[in-house]
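Here is a short briefing to read alongside the structure. Keep the viewer open, and follow the topics in any order you like.

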Amino acid sequence: MLFLAIAFTPFRTLNPPQASQVQRTPQFENEDVSVWKTVVPPNAPLTMHTHQHPRVIIALSGGTMKVVYEDGTSEVHQWETGKAYWLSTEEGKKRHADVNQGAKPIEVMVVELKNAK
């Protein structure tokens, strides 16, 4: 009887995903560009941060990313697998946190242009 109670107990994660589970893997860097791959698990908000340079995001495995700004406003980006997206310096300098709102990890390649104006 105890076995049945355990077998039919709904599975729950005891510890929710943390931003530390986000994987950022450097790919290439020189004086002009920095490239890294990032995997963002579902519901694992990144800590508040900024970017000092414009970036191109290439969605390797797309999804729905919510960007929450420090002032409490937010916007949702739908990144399609295989597509590239431009993120300006002005946008990156707004302090923000990103949250993957989907059920699967989002995987992107980020190309940061250090000398772009």
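A polar contact is a pair of N or O atoms within 3.5 Å, where one must be able to donate a hydrogen and the other to accept it. By that rule, the side chains of Gln-78 and Thr-64 make a polar contact, at 2.6 Å. Please keep in mind that this is a predicted model. The notes below go through strands, rings, charges and a few individual residues.

**The three-stranded sheet**

- Strands β5, β4 and β7 form an open sheet in the order β5-β4-β7, with antiparallel pairing.
- At the edges are β5 (74-79) and β7 (96-100), each of which pairs on one side only.
- From one strand to the next, the twist averages 25 degrees.
- Strand β4 (residues 63-69) and β7 run antiparallel and are joined by five bridges.
- If you want a landmark between these strands, look for Val-67, which stands opposite Asp-98 in β7.

**Gln-78 and its surroundings**

- Gln-78 belongs to strand β5.
- Not counting residues up to four places away in sequence, Gln-78 touches Gly-63, Thr-64 and Tyr-85.

**The β1-β2 hairpin**

- Strands β1 (residues 23-29) and β2 (residues 33-40) run antiparallel, and six bridges join them.
- The hairpin from β1 to β2 passes through three residues.
- Thr-25 has Lys-37 in β2 as its bridge partner.

**Rings and charges**

- The count of aromatic pairs comes to one.
- That pair is Trp-79 and Tyr-85: the ring centres are 6.4 Å apart and the planes are at 25 degrees, so the pair is stacked, given that planes under 30 degrees apart count as stacked.
- Trp-79 has a relative accessible area of 10% and is therefore buried, whereas Tyr-85, at 21% relative accessibility, counts as partly exposed.
- Arg-24 lies over the face of Trp-36, at 3.7 Å from the ring centre.
- Lys-94 has its charged end over the ring of Tyr-69, 5.3 Å from the centre of that ring.

**His-51 in its loop**

- You will find His-51 in the loop between β2 and β3 (55-61).
- With a relative accessible area of 13%, His-51 is buried, because buried means under 20%.
- The His-51 side chain makes a polar contact of 3.3 Å with the side chain of His-49, and another, of 3.4 Å, with the side chain of Arg-55.
- Leaving aside neighbours within four places in sequence, His-51 is in contact with Thr-89, Gly-92, Lys-93 and His-96.

**Leu-87 in β6**

- Leu-87 has its place in strand β6 (residues 84-87) and counts as buried, at 9% relative accessibility.
- Pro-54 is 33 residues apart from Leu-87 along the chain, yet their C-alpha atoms are separated by 5.7 Å.
- Once neighbours within four places in sequence are left aside, Leu-87 is in contact with Pro-54, Arg-55 and Ile-57.

Technical notes. Residues are numbered from 1 along each chain as its sequence is written. This is a predicted model: local features need pLDDT of at least 70, side-chain atom pairs count only at pLDDT 80 or more; totals for chains, interfaces and linings use all residues. Side-chain values use heavy atoms; hydrogens and water are left out. Rings of Phe, Tyr and Trp (its six-membered ring) pair if their centres lie within 6.5 Å; planes under 30 degrees apart count as stacked, over 60 as edge-to-face and the rest as tilted. Buried means under 20% relative accessible area, exposed over 50%, partly exposed in between (1.4 Å probe, protein chains only). A charge sits over a ring if NZ of Lys or CZ of Arg is within 6 Å of the ring centre and within 35 degrees of the ring normal. Helices (H or I, at least four residues) and strands (E, at least two) are DSSP runs, numbered from the N terminus. Contact means heavy atoms within 4.5 Å. Two strands pair if DSSP finds at least two bridges between them. Axes are lines fitted to C-alpha atoms, for helices over the stretch in contact, and angles run from 0 to 180 degrees between N-to-C directions.
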